[in-house]
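I begin with a definition that the strand pairings rely on.

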Amino acid sequence: MNIPDTLNDGQRKAVEFDGEHLLVLAGAGTGKTKTIIARAAYLIQSGIDPSKIQILTFTKKAANEIVERVKATLPQSDGNSLSGATFHSWCNQLIVRFPNLFGAAAYTVIDPDDQLSIMKMVCGNQNLDFGKLRIKPQQLIDIYSLARNTKKSLTESLRIKLFKNKKDADTDYEISTIKPHVENILRAYQLKKGEQRYLDYDDLLLVVSTQLRTNPEARNILSQHLDYLLVDEMQDTNPLQWDLLDPFVSICKLFCVGDDAQSIYSFRGADFKNVHLFKERVPDSEVYKLEKNYRSTQEILDISNWLLEKSPINYNKKLQSIRGSGELPRLVNVSDEWQEANWVADEILNNFTHQDRTFSDHLVLARSQYYSKSLQAVFIRRKIPYVTYGGRKFMQAAHIKDLVSLLRIVNNPYDEIAWIRFLTFQEGVGEVRASRILQQVIENVEKDDIPNILQNAMPGEDGSKIAKLYESIKSKSDVGEMVDTAYEAMSLGLAFRYRRDWNEKRRGDFPVLKLLAKSYPTLGEFIGEGLLDNSENMNGMNVLSESKLNTAENKDHVIISTIHSAKGLEADVCIVLNVSPKAFPSAWSLDNLAEIEEDRRVLYVAMTRAKNRLILTRNTSSISAVHQRALPTNMDSKTDDADTYFLNDLPDNLVEQLIVEHKFGKVNDAASPNKIDLSSGMDFS
Ligand SMILES: Nc1ncnc2c1ncn2[C@@H]1O[C@H](COP(=O)(O)OP(=O)(O)OP(=O)(O)O)[C@@H](O)[C@H]1O
């Protein structure tokens, strides 16, 4: 058997594990991803049918990468049927593949934007209840989702989301007053989803896990199709995901990897104690540890270890580098984000020109994609190619949603959100008229076919044009052709609606959409999966990169990523932006210890991405804003005494500090001021 000889003993032992269920609990850069890849390859080489191995990860990007790397280690085509997916997209696939078993085949998957639209509709209909609350529709969705993901009661979810988890008599009273109204709205929301055959993301997991827990036939059927479940980033599973995994303990063998110090999804209900309780929850299971870090030099690990040691949580983790010593991490003090952006651009260009580094040796991390906007502007001006990870995704862009709305009503004629979007896209159809047409559709959909209904609801040429279009798309079997037909009919309207940046930004997305559509066998799968995948990358080409300089020929680019999207990534040079007070921890987290500690782990994930050079930038204006004083020029003294700022007390020997000065170029001005004439330049005749 061809097990890579680059595995160390601990990794090899995990790869060859012969028992029932295993958790590999290990720190950053210790080879968890490498191990999960080697495990999949090992199983396939041992004769396990690849289609009976499912890899589960938190992003589609990670799933693709793992599957590709497994295939690369196997002889040609051996791993072709190996599948990797996110929890959501896997459940969606199961629902589509076993339509009777899960009973949700005719449903449409809705994304968070759609969820919000429905909630707004419901709040409008439940005016009495909604009027009694001072809660926004988005907050109602967050409460609903928290309750389902964490399996907490509505009372507890309200307490967490609206009252900062306060447990006193006043809060109890307030919760008891609003709860009945929230309950009414949430029940109405559930009803609406059912009527219009919508599944939100959480429903996908719930539909599958409920069947598996309650129906022995479901367990029996799935056990015929699955032997091994390989789960990445186990520390980020929440109670709902655990509910999904739990029945598989009796169906197949679990192989999970995770790191409690990298748990950064508690806002989605993740509970990193899940990994701590693995042995108790899973019978016949074992937990292995990996100790050595292969990614980073020791100085990078020293500052990461220091950060973790400052936590009140005991992670019992001290990363030790196999690679030995290297550069000291740098802490770069800047006075605003433009200066920061220019400094980063200088650093990257210098590395590129003088240090034989490529652009893709650089990973720039920020808490939010929004924060990196100035950096992106500077990169464009200074011709540094880049791609962005995280942030708004392809299928959520407005022009794509417009076109997909037509495909959605063909797929599910009960889909009110798509109807309204598509109808209001038509010239001369406003929301009121669209609602009227929709009303007729809903009333007649059971007894008549859609083209007829449309012609009755929209007499004249418009109605028959849309009816024909509907029919024409429905008659196609190839999903790519459906996109083509929809685009042909809608391109003029789209070009007009988005005329400001149609040619530069949007038009080029439609061939990509077609390509994406072609890879799905049915329209339903395209809509469901496409929405979930939010394809960021296709054929190695970044779909919605904001950089014009990232052409197909130019594969060398800096990656700008949110920290959350950077899990599992690594780079020679890693630059973490804005490690400033109020940002680490975030000003929003200050009165909640759990959130502060989550922010600490976010920074830990960011730091441990670096292989050779770690650079943290810090905005000194926020330091003076916190303390009403300037940054001391003497770097030996403490730069900040706010209690919570993570870099408080950072020992001098762990970083090299730099202060970036404002650069004012030297000019030769006149020796003395001339007179100015403000009356010049105006002709009053
Ligand atoms: N036994 C090994 N020999 C050589 N290199 C290794 C070994 N194990 C891991 N590495 C290298 O170390 C780096 C980190 O490995 P990997 O990404 O698998 O770690 P990880 O535990 O998944 O990290 P993280 O949780 O921080 O994302 C990779 O570049 C990988 O190739």
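1. Two strands are said to pair if DSSP finds at least two bridges between them. By that criterion strand β12 (residues 362-366) pairs with strand β16 (residues 558-562) in the parallel sense, over 4 bridges. Do keep in mind that this is a predicted model.

2. Let us stay with this pair for a moment. Within β16, L363 has I559 as its bridge partner, and V364 stands opposite I560. β12 also pairs with β17, again in the parallel sense and over 4 bridges; there H362 stands opposite V573.

3. How many residues of β12 are buried? The count is 5 of the 5, so the strand is largely enclosed by the rest of the structure. In a regular strand, side chains alternate between the two faces of the sheet. For β12, H362, V364 and A366 are buried on one side, and L363 and L365 are buried on the other, which leaves both faces covered.

4. Now for the sheet as a whole. It is an open sheet of 7 strands with parallel pairing, in the order β13-β16-β12-β17-β18-β11-β19. The edges are held by β13 (386-389) and β19, each with a single partner strand, so one side of each has no neighbour in the sheet. From one strand to the next, the twist averages 20 degrees.

5. Strand β11 (residues 330-334) deserves a look too. Of its 5 residues, 4 are buried, so β11 is largely enclosed by the rest of the structure. It runs parallel to strand β18 (residues 610-619), joined by 5 bridges, with L331 opposite L616. β11 also pairs with strand β19 (residues 656-659) in the parallel sense through 4 bridges, where R330 has E656 as its bridge partner.

6. Which helix lies across β11? It is helix α17 (residues 337-354), which also lies across β12, β16, β17 (571-576) and β18, and runs at about 140 degrees to β11.

7. Strand β1 (residues 21-26) and β8 run parallel and are joined by 6 bridges. In β8, E286 is the bridge partner of L22.

8. Leaving aside neighbours within four places in sequence, V208 is in contact with C91, L94, I95, F102 and L244.

9. Finally, the ligand. There are 19 residues around it, of which A28, G31, K32, T33 and Y294 come nearest. Which helix provides the largest share of this shell? Helix α2 (residues 32-45) does, with 3 residues. Sorted by class, the shell has 10 polar, 5 charged and 4 nonpolar residues.

Key
Residues are numbered from 1 along each chain as its sequence is written. This is a predicted model: local features need pLDDT of at least 70, side-chain atom pairs count only at pLDDT 80 or more; totals for chains, interfaces and linings use all residues. A residue is near a molecule or strand if its C-beta atom, placed from the backbone, lies within 6 Å of it. Helices (H or I, at least four residues) and strands (E, at least two) are DSSP runs, numbered from the N terminus. Ala, Val, Leu, Ile, Met, Phe, Trp, Tyr, Cys and Pro count as nonpolar, Asp, Glu, Lys and Arg as charged, and the others, Gly among them, as polar. Two residues are in contact if their C-beta atoms, placed from the backbone, lie within 7 Å. A residue is buried if 20 or more other C-beta atoms lie within 10 Å of its own, exposed if 12 or fewer, and partly exposed in between; C-beta atoms are placed from the backbone. Axes are lines fitted to C-alpha atoms, for helices over the stretch in contact, and angles run from 0 to 180 degrees between N-to-C directions.
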